[in-house]
Amino acid sequence: MTEQTEKSAAIPAAITGTYVYDGRMARMGYAINKMFMSLKDAENRDAFKQDEAGYAAQYGLTEDQMAPIRARDLVGILKQGGNIYYVWKIASILGWNMRQVCANQASMTLEEFMQDRYPNWKAEG
């Protein structure tokens, strides 16, 4: 057994609360990631914002892949094979900052997330 194989064998098959992005997930999420990658171009971002379902149809996304996009459920997108780097494209299109993304992934509002992490935090306004 090579050193790399030994290291790989030591990684648990499932780590509670995580979604391991492996070859199976990459194949499952191919269409969704291809669509996300296309959003690097401004004209594609505009087209996506105008008609998300129509834009996604060009890439053959399934209903299971579209549902978390419509719901703005970043963890759901990961579960459908979305690569975390491409999922950031959706967050940036929505104008979300890092704290908003973290709150979404924790299934919390931004206010709940900030209060949980920083007990003395007060919302502005």
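**Helix packing, a buried asparagine and an aromatic cluster**

The side chain of Asn83 comes within 2.8 Å of the backbone nitrogen of Tyr85. A polar contact is a pair of N or O atoms within 3.5 Å; within protein, one must be able to donate a hydrogen and the other to accept it, and residues adjacent in sequence count only if both atoms are side-chain atoms. The model is predicted: local features need pLDDT of at least 70, side-chain atom pairs count only at pLDDT 80 or more, and totals for chains, interfaces and linings use all residues. Residues are numbered from 1 along each chain as its sequence is written, and side-chain values use heavy atoms, with hydrogens and water left out.

Asn83 sits in the loop between helix H7 (74–79) and helix H8 (84–94). Helices (H or I, at least four residues) and strands (E, at least two) are DSSP runs, numbered from the N terminus. Asn83 counts as buried because its relative accessibility is 15%. Buried means under 20% relative accessible area, exposed over 50%, and partly exposed in between (1.4 Å probe, protein chains only). Neighbours within four places in sequence aside, Asn83 is in contact (heavy atoms within 4.5 Å) with Tyr21, Asn33 and Leu78.

The protein chain holds ten helices and zero strands. From the N terminus, its elements run α-α-α-α-α-α-α-α-α-α. Of the 125 residues in the protein chain, 30% are buried. Among contacts with a separation of 6 or more, 52% involve residues 24 or more positions apart.

One such region involves Met25.

Met25 belongs to helix H2 (residues 23–28). Its relative accessible area is 6%, so Met25 is buried. The C-alpha atoms of Met25 and Gly81 are separated by 4.7 Å, although the two residues are 56 residues apart along the chain. With neighbours within four places in sequence left aside, Met25 is in contact with Val20, Leu78, Lys79 and Gly81.

Helix H3 (residues 30–38) has Ala31, Ile32, Asn33, Met35, Phe36 and Ser38 as its buried residues. Their cover includes helix H4 (42–50), helix H5 (52–57), helix H6 (63–71), H7 and H8.

Two aromatic pairs are found in a search of the whole structure. Rings of Phe, Tyr and Trp (its six-membered ring) pair if their centres lie within 6.5 Å; planes under 30 degrees apart count as stacked, over 60 as edge-to-face and the rest as tilted. The ring centres of Phe48 and Tyr55 are 6.1 Å apart and the planes stand at 85°, so this pair is edge-to-face. Tyr55 also pairs with Tyr59, at 5.5 Å centre to centre and 45° between the planes, a tilted arrangement. Phe48, Tyr55 and Tyr59 form one aromatic cluster. Phe48 and Tyr55 are both buried. Tyr55 has a relative accessible area of 4%, whereas Tyr59 is partly exposed at 24%.

Helix H9 (residues 98–105) packs against helix H10 (residues 110–117) at an angle of about 95°, with the axes 8 Å apart. Axes are lines fitted to C-alpha atoms, for helices over the stretch in contact, and angles run from 0 to 180 degrees between N-to-C directions. H9 and H10 are therefore roughly perpendicular to each other. Angles under 35 degrees count as roughly parallel, over 145 as roughly antiparallel, 65 to 115 as roughly perpendicular and the rest as oblique. Arg99, Gln100, Cys102 and Ala103 in H9 meet Leu110, Phe113 and Met114 in H10. By class, this contact has five nonpolar, one polar and one charged residues. Ala, Val, Leu, Ile, Met, Phe, Trp, Tyr, Cys and Pro count as nonpolar, Asp, Glu, Lys and Arg as charged, and the others, Gly among them, as polar.
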